[in-house]
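Please read the numbered points with the structure open.

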Amino acid sequence: AIICKVILKNGCTVRVMKDKTKTPLKIIAIYIIAIAFAGFNVWAVTRIYDDLITIYFAIGGLAATWIFSAVAHETGHLIFAKSAGFRVVKFSVLCFVFDDTKSKKFSLKLNRKDLGECIFIPKKVSETDGDNAQKFTNVALGGLIGSVITIIGYVIAFAFVKNAYGRAFFACFPLPLAVFVINGVKGVIKGSDIDVASVVRSYANTLALDGYLNILCELKNGKTYAEIDEKYFDGKCSLAQINAALNLFKIRREEELGNYENATSLAEKTLDNGISDFETKAEIASIGYNAGIYELIEKCGDVSEYLDLSEEPFACRLRLEKAKYAGDDKYVEVAKNTALKRCDECYFPGDGKFHKKLIERLL
């Protein structure tokens, strides 16, 4: 679900437009320090017990600690999300992936750039302002709590286990500490767990996050953008991901209502502020094709090249709009049924209905 902009990721940055994610040097440095600290612990255990076999147990402990710290962190998110009554959209840890947006729910992904990823949305709209935002920030804290429990457990085991092999096995406790620092210390990575958890310190941020979550909830419940309460679209947040998503939602709302003058104005402001994701750029290109605004097509039309193989409803719609604009009625006739089918299959039914409505206008 590309419209889910806020992702609780464990140890990596959030995807950008070309999906060429780079690991920040700060993260690399933290892991190097953690591994060096763990290496010193192993060396100390080996010297104290004068037993080189401890090194083999340390290597096994390194792998086990890495796996367990990732599982504990992501499980913390999952437990808090489920207790808050949230719906799991996507949950992954190491190479194991659950993705509710796919027909094949469970899969293995071996080329990951992070230790885990969690996407959750509320099952119902907030009963009071800020309710879902508060719950969501608690979900972010859940991962940090999982890391803290792991750190405490490993430190206690390392300190009190007297067996040489046991101490060597637990000597890599700096690794879960590194996971905690990356996700729980401000300034290490943008949009980290601690950044999300800190959002509710500001009332304006709380309302923006709450509005974003409520919109996702309503889209999942089958409402289109124009059918959702307008107040949810107006927030401003310190998290760039939230503002980007709300801006996209506002543009689509104006398009659905037929207010292309307002949609164009929002698109132009977005271009002035810069774009970092495919979906927003595709939406701006769509406005250009539908309203015949060459400037928007010139600035964003190239996005279609990156979306040629995408089966997302917004990508299918963009290809139809581009063909219609170019006068390629044959392509429109051939591709329209597939595009409408993708809209019907959309994980967020309200989003699918929105794209379907605009495709039907085009036809």
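1. Terms for exposure come first. A residue is buried under 20% relative accessible area, exposed over 50%, and partly exposed in between (1.4 Å probe, protein chains only). Tyr49 has 29% relative accessibility, so Tyr49 counts as partly exposed. Tyr49 lies in helix H1. Helices (H or I, at least four residues) and strands (E, at least two) are DSSP runs, numbered from the N terminus. The C-alpha atoms of Tyr49 and Tyr165 are separated by 9.4 Å, and the two residues are 116 residues apart along the chain.

2. Now the provenance. The model is predicted: local features need pLDDT of at least 70, side-chain atom pairs count only at pLDDT 80 or more, and totals for chains, interfaces and linings use all residues. Residues are numbered from 1 along each chain as its sequence is written, and side-chain values use heavy atoms, with hydrogens and water left out.

3. Overall layout. The chain has 15 helices and 5 strands. Its C-alpha atoms fill a box of roughly 80 × 45 × 35 Å along the principal axes. Of the 363 residues in the chain, 53% are buried.

4. The H1–H2 loop. Asp50 lies in the loop between helix H1 (25–49) and H2. Asp50 is not a glycine, yet its phi is positive, about 50 degrees. Most residues other than glycine have a negative phi. Asp50 is exposed, with a relative accessible area of 70%.

5. A nonpolar surface patch. Leu52, Ile53, Ile55, Tyr56, Phe57 and Ile59 make a patch of about 630 Å². Patches use residues with over 30% relative accessible area and no salt bridge; like charges are joined within 9 Å, and nonpolar side chains (Val, Leu, Ile, Met, Phe, Trp, Tyr) within 5 Å. Accessible areas come from the Shrake-Rupley method with a 1.4 Å probe, and for residues only the protein chains shown count as cover. Phe57 sits in helix H2 (residues 54–83). At 36% relative accessibility, Phe57 is partly exposed.

6. Salt bridges. How many salt bridges does a search of the whole structure find? It finds 17. The criterion is a side-chain nitrogen of Lys or Arg within 4 Å of a carboxyl oxygen of Asp or Glu. Asp100 and Lys105 form one at 3.2 Å, N to O. Asp100 is partly exposed at 21% relative accessible area, and Lys105 is partly exposed at 30%.

7. A link between helices. Glu256 and Lys357 meet in a salt bridge at 2.8 Å, N to O. Glu256 lies in helix H8 (residues 240–256) and Lys357 in helix H15 (residues 349–362), so the pair ties together parts that are 101 residues apart in sequence. Glu256 is buried, at 5% relative accessibility. Lys357 is partly exposed, at 30% relative accessible area.

8. Glu333 and Lys336 form a salt bridge at 3.3 Å, N to O. They are 3 residues apart in helix H14 (residues 329–344), so about one helical turn separates them. Glu333 is partly exposed, at 48% relative accessibility. A network of salt bridges links Arg252, Glu279, Glu283, Arg317, Glu321 and Asp351.

9. The second largest pocket. It holds about 160 Å³ of space. On a 1 Å grid over the protein atoms alone, a pocket is an open set of points where a 1.4 Å probe fits, with protein on both sides within 12 Å along at least five of seven lines; lining residues have an atom within 4 Å of a point. Grid points are joined across faces, edges and corners, and the volume is the space filled by probe spheres set on the points. Among the lining residues are Asp129, Asp210, Lys231, Tyr232 and Asp234. The lining divides into 4 nonpolar, 3 polar and 4 charged residues. Here Ala, Val, Leu, Ile, Met, Phe, Trp, Tyr, Cys and Pro count as nonpolar, Asp, Glu, Lys and Arg as charged, and the others, Gly among them, as polar.

10. The end of H10. Ala291 is in helix H10 and is partly exposed, at 36%. Gly292 is in the loop between helix H10 (278–291) and helix H11 (294–300). Gly292 and Tyr232 are 30 Å apart, C-alpha to C-alpha.
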